[in-house]
Amino acid sequence: MKLPGYYSSGQFARMADVSVRTIRYYDRQNILKPSYVSPGGARFYTDSDLARLQQILLLKYLGFSLDEIREMTIADADYHFMLSALKLQKKLVQDRIEQMSLVEQAITDTAQAIEHQHNIDWSRMLQLIHLTGMEKSMAGQYKDASNLSARIRLHSLYSQNPQSWFSWVYDQCRITPSMNILEIGCGSGKLWTENREKLPDDIRICLSDLSEGMIRDARRSLGQDDPRFSFSSFDCHSIPFPDQSFDLVIANHVLFYCEDIPRVCREVSRVLRPEGRFVCSAYSSRHMMEISRLVQEFDSHIVLSADRLYERFGLENGEKILSPVFRQIRLSSYPDMLLVTQPEPLIEYILSCHGNQNQYLTSRYGEFRSFVEKKTRKGFKITKDAGIFTCTKKIF
């Protein structure tokens with residue numbers, strides 16, 4: 001039977017340059033299901049399935065397990081999803097190139113040491129072992145980058161405030177010439193790429209993040225030729241800088257992820273100079289509340305976040321948490337809302353959340369997309385209630 005726009009398993013396999021056995025295996029593993037199964041059991045695929053297979057084969061080549069690939073891909077060929085996925089996959093390829101360059105250098109150094117010294121430098125061997133194990137963290141870094149990209153994209157597309165969040169945060173920082181600045185939890189470096197032209201020439205900015213992958217993204221975005229920027233990966237519970245090193249420390253939507261927030265505040269205070277300022281953002285219990293209601297309406301089992309982050313550090317309790325080590329605490333609110341008119345960016349945001357949504361949505365994606373499409377057809381309003389605490393180091 002010939003179906004317009006559909007390919008048999010054999011045709012599909014030849015187009016992708018893989019075996020029919022591989023296609024059937026991905027079907028059994030629930031990674032790539034056919035778009036149509038005839039009453040007789042024949043399987044048929046479309047161009048959308050070919051786009052999904054491209055993602056699967058690339059992620060497999062990069063070393064991801066089938067379980068990881070299942071979580072990273074979704075059965076949708078919308079160009080927004082595809083473009084986002086391709087950009088992130090490009091970052092993964094760049095990560096792997098950097099990783100293999102380090103491995104190559106470590107092998108060369110180890111071989112030269114053996115050749116010249118006639119013994120094995122075990123410290124170099126240990127370094128090589130650590131380098132070859134880097135791919136174990138790549139899945140987590142991919143998810144971190146993917147999630148952050150989805151969140152930024154929804155806001156950039158549908159925010160009603162003409163001044164972007166990152167531009168507004170920059171204004172709250174009141175950056176002046178000769179400052180020494182530390183950002184903890186820098187993510188992809190968006191705060192600086194968006195405001196780069198405003199920066200004085202004689203400042204120094206250290207971008208830090210717990211994730212090595214995020215640091216790589218930030219370094220790529222900002223380049224390595226600008227002497228104003230340096231990059232470091234560390235846990236902000238123990239900031240590896242001397243006392244009174246910085247004029248300004250920035251934590252943009254970071255504190256509520258920290259295990260011990262008071263300890264992080266003490267560390268920030270320690271590295272701030274006298275009269276140094278701490279700028280940290282948070283949101284309230286009202287922030288994006290319509291999204292939770294949306295998914296609950298679709299399936300009451302879905303919880304987008306196991307933790308209510310605003311209860312850990314939010315607009316309501318932030319001043320109380322900061323007050324033991326900071327003074328002159330001032331809260332500035334960012335006036336904004338979202339008016340979402342397309343389903344895909346909203347779905348992408350929902351899938352990026354830290355809850356159980358993928359367990360219920362990926363297998364019902366078509367149904368969920370139709371549900372969200374109806375909700376966004378006339379514009380879906382989403383509350384934003386976020387702001388910045390600006391405070392000064394206490395002198396004890």
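Guide: Ile 175 touches Tyr 170, Ile 181, Trp 192, Leu 199, Pro 200, Ile 203 and Leu 248, leaving aside residues up to four places away in sequence; contact means heavy atoms within 4.5 Å. The model is a predicted one, in which local features need pLDDT of at least 70, side-chain atom pairs count only at pLDDT 80 or more, and totals for chains, interfaces and linings use all residues. Residues are numbered from 1 along each chain as its sequence is written, and side-chain values use heavy atoms, without hydrogens and water.

Ile 175 belongs to the largest nonpolar core, which has 60 residues; Ile 175, Trp 192, Phe 278, Leu 322 and Phe 326 touch the most other members. Such a core is a set of buried Ala, Val, Leu, Ile, Met, Phe, Trp, Tyr and Cys residues joined through side-chain atoms within 4.5 Å. Buried means under 20% relative accessible area, exposed over 50%, and partly exposed in between (1.4 Å probe, protein chains only). A second, separate core of 24 residues includes Leu 154, Met 288, Ile 291 and Phe 298.

Phe 278 also has a bridge partner, Cys 391 in strand E12. Strands are DSSP runs of E, at least two residues long, numbered from the N terminus, and two strands pair if DSSP finds at least two bridges between them. E12 (residues 386-393) pairs with strand E8 (residues 272-283) in the antiparallel sense over 7 bridges. Strand E9 (residues 326-334) is likewise joined to E12 by 7 bridges, running antiparallel, and Tyr 334 stands opposite Ala 386 in E12. Because 8 of the 8 residues of E12 are buried, this strand is largely enclosed by the rest of the structure.

Note on methods:
Helices (H or I, at least four residues) and strands (E, at least two) are DSSP runs, numbered from the N terminus.
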